[in-house]
Amino acid sequence: MQTVTRNQLVEKAKELLNNGTVTRVLGIKKGEFSYDLTPAVFTSAEELEKEFEFNGFAAANFSKYLVKLADGEGKILVFLKPCDSYSFNQLLTEHRFNRENVYAVGIECDGFADYKKIEEEFNDGIKSVEFNGEKIEVTTLYDGKKELAFADYMLERCKNCKTKKIAAFDELLTENSDETKNTRFEEVEKLEAMTPDERYAFWRNELSRCIRCNACRDVCPACTCEKCVFNNPDSGVENKAIQNSFEENMFHIIRAFHVAGRCTDCGECSRVCPQHIPLHLLNRKFIKDINSFYGEYQAGAEVGNRAPLVNYTKEDIEPKDAVGRGSEE
Amino acid sequence: MKKILKKNLQNLFAAISKETDLFLPVLNSAKNAEFKKWTEGTEYSEELNTVRSAKDFFFPQTENICDFKTSGKNIEIIENSELPENFAVFGVRACDLKSFEVLDNVFLSEPVDSFYKTRRENAVIFTMACNRPKETCFCHTFNINAADPKGDVECFEDETYVYLNPLTQKGKDLLNKVTSALEDETEEPVKKIKAEIEERLKNLPLYNLSAESFGSDKTEEFFNRKEWDELSEACLGCGTCTFVCPTCQCYDIKDFNTGHGVKRFRCWDSCMYSDFTKMSAGQPRTHQKERFRQRFMHKLVYYPTNNNGMFSCVGCGRCLKKCPISMNIVKVIKKLGGTANG
Amino acid sequence: MANINDPLIPVIGVVTDIRIDTPDVKTFRVVTPDGKKAFEHKPGQCAMLSMPGVGEAMFSITSSPTNKEFMEFSIKKCGCVTQWLHQIEVGQQITIRGPYGHPFPVDTAFKGKDLLFIAGGIGLAPLRSVINYVRFYRENYGKVDIVYGSRSKDDLVDYKEIIDEWCNDEGINVHLTIDREQEGWDGHVGFVPNYVKELGFDTNKVAIICGPPIMIKFTLAGLTELGFDKTQVYTTMELRMKCGIGKCGRCNIGSKYVCKDGPVFRCDELDELPDEY
């Protein structure tokens with residue numbers, strides 16, 4: 001459950017609108033239900049009062065929207081959770097938006113709930129979900145109320161939260177923290193322990209569900225190319241399904257390579273995948289390898305960091321050693 | 001009316017499978033329901049919505065049109081469709097069944113799409129009434145009754161039994177071949193189930209959603225509404241809504257060079273994609289707002305205009321669950337549809 | 001599986017002649033491998049041409065239906081399919097399917113009327129089919145005016161036919177114009193919409209326009225100034241198409257599909273469509 005409340009955010013937003021610091025607020029709009037929240041721009045206190053929402057499902061990473069929105073009139077306010085702040089810095093490193101047009105308020109994060117996991121718990125409609133401390137209270141349509149432990153229903157990325165540290169902000173609404181955990185590579189290690197055939201079968205099965213909706217790419221803060229190769233009709237790998245399912249799987253592999261060293265591990269790809277393909281595992285494997293080949297590196301930790309993959313040093317691992325390591329396992 | 005004990009459903013599936021390939025919703029490794037071919041031991045999932053809708057059976061995501069072989073200046077056309085012989089689908093919900101009607105209006109109008117037509121003719125559809133409709137269900141908005149799902153054989157379930165009621169000749173013929181697995185039953189238990197479902201439908205949060213203000217010839221009224229800006233502002237331009245939608249039918253035709261020849265295939269396309277209408281001569285829909293508007297205008301205005309007022313939405317609720325930014329047709333209807341939907 | 005006969009499956013066409021019209025327009029003559037026309041069509045209709053592996057694209061049929069031997073397509077080099085077509089040689093096979101779309105009402109609304117054709121650049125391609133149809137059934141139509149313009153003299157498509165045939169026909173007045181002065185050109189210089197206004201036609205006729213969208217827009221405005229009603233003006237449109245049969249969903253303007261309900265529209269019909277073109 002989030003310690004930061006909706007009201008805290010609304011008050012801060014109103015204050016910054018009123019004193020002229022910002023003209024617009026990037027936030028989240030209420031939906032029909034507690035979980036169907038939509039990112040939105042607010043321009044008045046009335047709108048904020050009426051429609052702004054922040055709850056245990058407000059997981060969306062705001063940073064990518066700044067590429068489009070930071071061009072508007074006046075500054076835009078963005079609330080940065082730790083995850084968002086790394087994407088924020090990485091986008092700045094890549095010169096994707098103008099920092100001066102953004103006012104960033106850092107907010108601590110205690111993790112978000114995974115609606116899919118909650119839904120799986122019941123063969124039932126879900127009328128409402130309330131977050132109450134360590135508990136989630138779910139009111140179902142036909143079986144009354146159920147109580148779940150929040151910790152068991154967190155998004156994967158939150159369960160394996162890489163850090164609570166907010167890496168970018170103009171002001172902090174809450175305390176910053178240095179807390180980090182290192183559980184996020186456990187799933188990768190399981191994959192590494194597989195034989196190549198098992199690993200191939202694992203990915204073929206996972207990727208077989210892909211419907212080529214491109215949601216993973218379109219939500220990804222590292223995917224901000226003006227013209228994606230997969231939007232190019234002449235590329236032969238354009239956007240949608242392709243006749244050959246193996247070629248189709250290449251989409252994810254190409255994407256993983258393209259964001260390698262730039263992916264901050266924000267987990268949006270897996271969160272939005274309608275088929276629940278654990279796409280973050282591809283990226284995390286790259287992160288893990290980069291860490292072990294070039295030393296610990298967190299994309300987006302600081303603006304202007306040169307990622308190991310684009311920064312040659314004499315100490316760099318020889319390609320044959322890197323490749324050899326993979327084949328010996 | 002026939003019935004079978006739920007615990008004996010596998011016997012029915014086995015008997016049908018002897019006659020024809022049988023597909024049914026099954027939980028996959030990600031715990032999502034998807035239609036899969038039945039083989040011994042395949043468990044039927046009571047999950048309401050498969051992620052991919054049942055339109056796949058008639059309008060698969062990719063489909064061969066034909067192959068070409070070229071040599072010098074010559075081209076040879078080789079027919080290479082992979083159309084199924086007869087098959088049956090069990091567990092289709094009322095909304096998905098209605099989506100076939102929406103698709104029929106497109107694919108079976110002249111000139112008839114023969115791939116689609118063949119698949120439609122070769123299928124026997126077993127529907128299943130929805131005992132536990134979800135909060136995202138709004139089929140009622142489009143006059144679909146989840147308690148009365150229709151199809152070739154309509155099915156109902158309670159704790160103990162599945163009831164089967166053949167409605168078409170195709171359905172009767174197939175059930176006649178598997179009667180040994182079935183018992184006779186009166187209408188009574190199904191009447192009770194229907195009444196319960198109808199009561200439940202009335203209590204759904206979206207039961208009163210109305211699309212009445214939309215429909216035929218309303219282009220002028222809705223096209224230039226300023227709300228499209230706000231509705232589309234967070235849209236990522238991905239194709240999730242279109243690909244999980246049972247009524248979206250836009251497609252692309254593409255060539256795939258295999259190295260030995262060229263396969264011409266069609267695949268699902270999405271009006272949400274930036275290259276959907278792009279030509280070498282220009283791009284009529286330059287912003288995501290225009291693409292977003294196209295999708296909803298098509299479902300709520302253009303399609304009804306061309307099809308006697310029928311909407312191209314069946315209220316299955318898939319887009320409500322799957323859109324990465326949770327924008328969906330319910331929000332569009334409520335925002336643009338006037339005060340009736342508060 | 002039994003043979004499937006689907007509208008999306010094309011037939012083979014052979015390119016038997018390639019005429020270079022302008023630096024970026026060539027006209028391709030197409031017949032079936034046994035030397036016949038692939039299908040019959042009406043003026044204004046289109047066909048899907050393709051080279052497997054390169055792509056498929058929609059083209060208006062330039063030749064008149066009264067030509068019983070072959071079909072012709074005047075094609076400007078523009079995208080990947082047209083680029084490929086521009087580098088082929090005579091004898092090359094392609095695929096063809098059609099005819100698609102709603103034709104010009106040559107046997108109804110046009111019949112017995114004076115006709116004013118207005119074309120810009122490659123926009124003459126679809127009108128050429130109508131013009132030659134009208135020339136063939138000359139007695140069915142009144143006076144014919146043709147206003148045709150392009151960037152330069154070299155960009156006028158099939159200049160030879162225009163000069164040698166159209167200009168010599170009785171009751172046909174050809175008005176040519178080019179955008180900028182050019183050596184060896186003593187005809188009119190100026191843009192098509194302005195030229196139409198200068199010429200100042202009486203309104204007792206049907207106008208048929210085709211050209212770049214911007215030309216159509218200004219010509220239509222010019223005609224309105226001259227007193228034409230939109231119900232007297234026809235045009236033909238182009239949008240990205242894949243199926244050609246109103247199913248793939250990409251060429252719609254509002255509830256109308258250009259491939260099926262068009263490409264020929266009467267201009268008052270266009271007014272009823274949303275402004276998305």
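**Getting to know a predicted three-chain model**

Q: Into which domains is chain A divided?
A: The assignment for chain A includes domain 1, made of two segments, 6–114 and 155–172. The others are domain 2 (121–149) and domain 3 (186–328).

Q: How many charged residues are on the side of domain 1 of chain A that touches domain 2 of chain A?
A: The centres of these two domains, taken over C-alpha atoms, are 27 Å apart. Five residues of domain 1 of chain A touch four residues of domain 2 of chain A. On the domain 1 side, two are nonpolar and three polar, and the number of charged residues is none: no charged residues.

Q: Why is strand 4 of chain A largely enclosed by the rest of the structure?
A: Strand 4 covers residues 102–106 of chain A. A residue counts as buried if 20 or more other C-beta atoms lie within 10 Å of its own. Strand 4 of chain A is largely enclosed because the buried residues among its five number four.

Q: Which residue in strand 8 of chain A is the bridge partner of Val105(A)?
A: Strand 4 of chain A runs parallel to strand 3 (residues 76–80) of chain A, with five bridges between them, and there Val105(A) stands opposite Phe79(A). Strand 4 of chain A also runs parallel to strand 8 (residues 171–172) of chain A, joined by two bridges. In strand 8 of chain A, the partner of Val105(A) is Glu171(A).

Q: Which helix of chain A joins strand 3 and strand 4 in a right-handed β-α-β unit?
A: Strand 3 and strand 4 of chain A are parallel. The right-handed β-α-β unit they make includes residues 82–93 of chain A, that is, helix 4.

Q: How far apart are the centres of domain 1 and domain 2 of chain B?
A: In chain B, domain 1 takes in 2–61 and 81–202, and domain 2 takes in 219–260 and 269–341. Their contact involves 24 residues from domain 1 of chain B and 18 residues from domain 2 of chain B. Taken over C-alpha atoms, the centres of these domains are separated by 27 Å.

Q: What is the radius of gyration of chain C?
A: Chain C has 15 strands and six helices. For its 277 residues the globule rule gives 19 Å, and the value for chain C is close to that, so chain C is as compact as a globular protein of that length; its radius of gyration is 18 Å.

Q: What share of the residues of chain C count as buried?
A: The C-alpha trace of chain C spans about 60 × 45 × 35 Å along its principal axes. Of its 277 residues, the buried share is 55%.

Methods: Residues numbered from 1 in each chain as written. Chains lettered and ligands numbered in written order. Predicted model: local features only at pLDDT ≥ 70, side-chain atom pairs only at ≥ 80, totals over all residues. Domains from an automatic or database assignment. Contact = placed C-beta atoms within 7 Å. Rg over C-alpha atoms; globule rule 2.2 N^0.38 Å. Buried ≥ 20, exposed ≤ 12 C-beta atoms within 10 Å, placed from the backbone. Nonpolar A, V, L, I, M, F, W, Y, C, P; charged D, E, K, R; others polar. Pairing = 2+ DSSP bridges. Right-handed = clockwise from strand over helix to strand, strands pointing away.
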